[in-house]
Amino acid sequence: MTECAIDVKGLCKSFSGRQVVSNVDISMPKGEVWGFLGPNGSGKTTTIRMICGLLEASAGEGTCLGYDIRKEARKIKELSGYMTQHFSFWQDLSVRENLQFVARLYNLSARQKVVQKTLDELGLGDRQDQLCGKLSGGWKQRLALAAVTMHKPQLLLLDEPTAGVDPQARRDFWDEIHRLTNEGVTVLVSTHYMDEAERCDQIVYLAHGKVLARGTVDDVIAQCGLITFQGKGENVRRLADALKGRDGIEHVAYFGTALHVSGRDRDKLKCQLGPFMDEADWQEIAPSLEDTFIDLMKQAGVDKREHG
Amino acid sequence: MNGIGASLLRVYAILVKELVQMRRDRMTFAMMLALPIVQLVLFGYAINMDPRHLPTALYVEDDSAVVRRIVSAFEQSGYYEFSHRADSPAHGSKLLAEGKVAFFIYVPAGFTAKLVRNERPQWLIEADATDPAAASNAIARAEGIISSALRTELKGPLSRPKSSEMPVELIIQRKYNPQGITQYNIVPGLLGVILTMTCVMITSMAMTRESERGNLENLLAMPTRPHEMMIGKITPYILVGLVQTAVILLAARYLFQVPFFGSLALLMSAVMVFIIANLCLGFTFSTIAASQMQAMQMTFFFFLPSILLSGFMFPFRGMPIWAQQLGELLPLTHFLRLVRGIMLKGNTFSHLHLEFLALVLFILAVGLLAILRYRRTLD
């Protein structure tokens, strides 16, 4: 058995009587990138915070980097980096001042050198005296990643790091994450982007605080057992409402201009699509991760999402 | 629905939203409703511009019926309360210096004999005039008390014609502020008030600002301990407080000509302890308040009694006992005794050690509370 970076069992968290996370088990080997997926309010952030000691679990136990998440939160904080969902560095400090503050808090040796190196690698050398509040979203995110990795953590917890960041910046960000994992860093990243999920070694899908699916992307798609037909053509927009809710059809969703109709029984699905065969160009395709997620969310029951 | 109608509807929309938000913010709502009532009752009963029952030390070298009669007349006036019996004139002056008594009455030997011989014996009153307002009413009544007491005592052969001057020479020594200059009392007091105001307010924002701007999550994710946070947050403001102190002391000296009899080193150590006490309190507020707005409200909630019940604006001894006990809990009360004692009375540490002790206890209690209240997690 490989050594686990995160090994937690039965994690639960409730806020004033409302269960937000229930019975989450995660054993994550060192050196991998895991994606944490699920709708808003599914308990991703809460779980991450329990793992790094920012929240106290209501029930459950486990270790992070070999330290007890309940008793040794301080040790965990020293060895891990947590990038918050919302930019949480000091907007009224300059880029350099923020990095210096972090470097001092972690007691880094050769502080000036480390800060200078980080600035150079970031490409913020010439803007080091700019206040963080003035940086664009993409730069803020890069700065945050640089700041939480400055102390060479063994584990990175990234909470929706790429929300609101442009596609190129997202790609650069993920290249950086893969570079870090090649150096042996373990990364747990929560995201809403399918392309990001597909870059993870494994994904954990959470809804209403419960783990609904886990494994590699292919595993998760296979476990779900969906059969998907893709319809293309000028009239597909009108078909969606007609198909929704029919027996044997789990869900109908647009992917670009195409319509994906998914179900579990191929014959039933074909039968339902029968009357519409002429209206579009139908073709059975391998279900995508997004089809799977739409299905998982549907299975989890009514949409109890909380936004914010 | 154009014009005025639509405009009124928009006003109504905003008004409803304000009311809903007001109701959501429990603390502000409670402050707005409960605070005025509490303050009205508290300050309405506590503040008294005509302090009575002022503690007085008595040293009588000539214990006679007449003296006893005059002493009891002092007591019956309601202004003087003989709380201490001095062993010597020096002891009486010491009690006054320590602030244990507001007056020291000294009746020298041979008072009665001289009175009988119509030699105008002296009746000495030493008054602590650091706060001119506190002592003035009692002082003003002293002569009346003595002459009316004598009127009943000096009968028959001892009686004097009505027109003659007072048979006793009343000597009143207004110590520490002989001219009764208000600034002497107020300016050192202002040092305490200004330090309270700024120190508590600035630090009460310390943690709430972090959580309001979303930095707290980051701060807690990094390895910091509560006491490290507290010391780190407080120390810069000690310097701010010291700069303020320097400015106020210079102004006291050169603008207001307030005398300075005591030791500057002692005063500075008092200022240090006092600043730390206020910063600790502010930090504690910031661990309790949910927003900067609430922190501000808590500061004001604390600031008002500090001004009114500490003896800064109104004589401390004029307040009823319960209000005095409440006042003893405020750091400003003790600091006022320290700063006035050191500047105006030239008090030394031996006079003031209890005030220092009170401030240190305050720091320990409040600092402990802050560390217990400090959020280690986001729960």
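How far apart do the C-alpha centres of domain 1 of chain B and domain 2 of chain B lie? They lie 39 Å apart. Keep in mind on this tour that the model is predicted.

**Stop 1: the two domains of chain B**

Select residues 54–175 of chain B and colour them as domain 1. Then select 182–373, which is domain 2. Now look at where the two meet. Domain 1 of chain B puts ten residues into the contact, and domain 2 of chain B puts in twelve. Which helix supplies the largest share of the domain 1 side? Select residues 132–153 of chain B: this is helix H6, and it supplies three residues. Colour the domain 1 side of this contact by class. Six residues are nonpolar, two are polar and two are charged.

**Stop 2**

Opposite Leu58(B) stands Arg85(B), in E2(B).

**Stop 2: the largest nonpolar core**

Next, show Phe103(B), Phe104(B), Ala270(B), Phe274(B) and Val339(B). These five touch the most other members of the largest nonpolar core, which has 95 residues. Which helix gives the most to this core? Select residues 264–288 of chain B: helix H11 contributes 13 residues. Both domains of chain B take part, with at least three residues drawn from each of domain 1 (54–175) and domain 2 (182–373).

Centre the view on Phe103(B). Leaving out residues up to four places away in sequence, what does Phe103(B) touch? Its contacts are Leu54(B), Thr56(B), Tyr80(B), Ile125(B), Glu126(B), Ala127(B) and Ala138(B).

**Stop 3: annotated spans in chain B**

UniProt, in an unreviewed entry, places the feature "transmembrane region" at residues 27–47, 186–207, 234–256, 262–286, 298–316 and 352–372 of chain B. Pick out two of these spans. Select 186–207 of chain B: the span is 95% helix and 0% strand. Its end C-alpha atoms are 33 Å apart. Then select 352–372 of chain B. This span is 100% helix and 0% strand, and its end C-alpha atoms lie 31 Å apart.

**Stop 5**

Select residues 4–24 of chain B, helix H1, and find Gln21(B) within it. Is Gln21(B) buried or exposed? Gln21(B) is exposed, because 10 other C-beta atoms lie within 10 Å. Now draw a distance from the C-alpha atom of Gln21(B) to that of Ile172(B). The two atoms are separated by 61 Å, and the residues are 151 apart along the chain.

**Stop 4: across to chain A**

Show both chains and look at the contact between them. Chain A gives 17 residues and chain B gives 13. On the chain A side, select helix H2 (73–79) and helix H3 (95–105); these are the elements that give two or more residues. H2(A) gives the most, with three residues. By class, the chain A side has eight nonpolar, four polar and five charged residues.

**Stop 5: the layout of chain A**

Colour chain A as domain 1 (4–220) and domain 2 (227–286). The C-alpha centres of these two domains are 39 Å apart. Then select residues 6–233 of chain A. An unreviewed UniProt entry annotates them as "domain: ABC transporter". This stretch is 35% helix and 29% strand, with its end C-alpha atoms 47 Å apart.

**Stop 8**

Most residues other than glycine have a negative phi. Two loop residues of chain A are worth a look here. Zoom to Ser16(A), in the loop between strand E1 (4–15) and strand E2 (18–29) of chain A. Its phi is positive, near 40°. Ser16(A) is exposed, because 4 other C-beta atoms lie within 10 Å.

End at Asn107(A), in the loop between H3 and helix H4 (111–122) of chain A. Asn107(A) is not a glycine, yet its phi is positive, about 60°. With 10 C-beta neighbours inside 10 Å, Asn107(A) also counts as exposed.

Methods:
Residues numbered from 1 in each chain as written. Chains lettered and ligands numbered in written order. Predicted model: local features only at pLDDT ≥ 70, side-chain atom pairs only at ≥ 80, totals over all residues. Domains from an automatic or database assignment. Contact = placed C-beta atoms within 7 Å. Helix = DSSP H or I, 4+ residues; strand = E, 2+ residues; numbered from the N terminus. Nonpolar A, V, L, I, M, F, W, Y, C, P; charged D, E, K, R; others polar. UniProt positions renumbered as here; feature names shortened; annotations may be inferred. Core = buried A, V, L, I, M, F, W, Y, C linked by C-beta atoms within 7 Å. Buried ≥ 20, exposed ≤ 12 C-beta atoms within 10 Å, placed from the backbone. Pairing = 2+ DSSP bridges.
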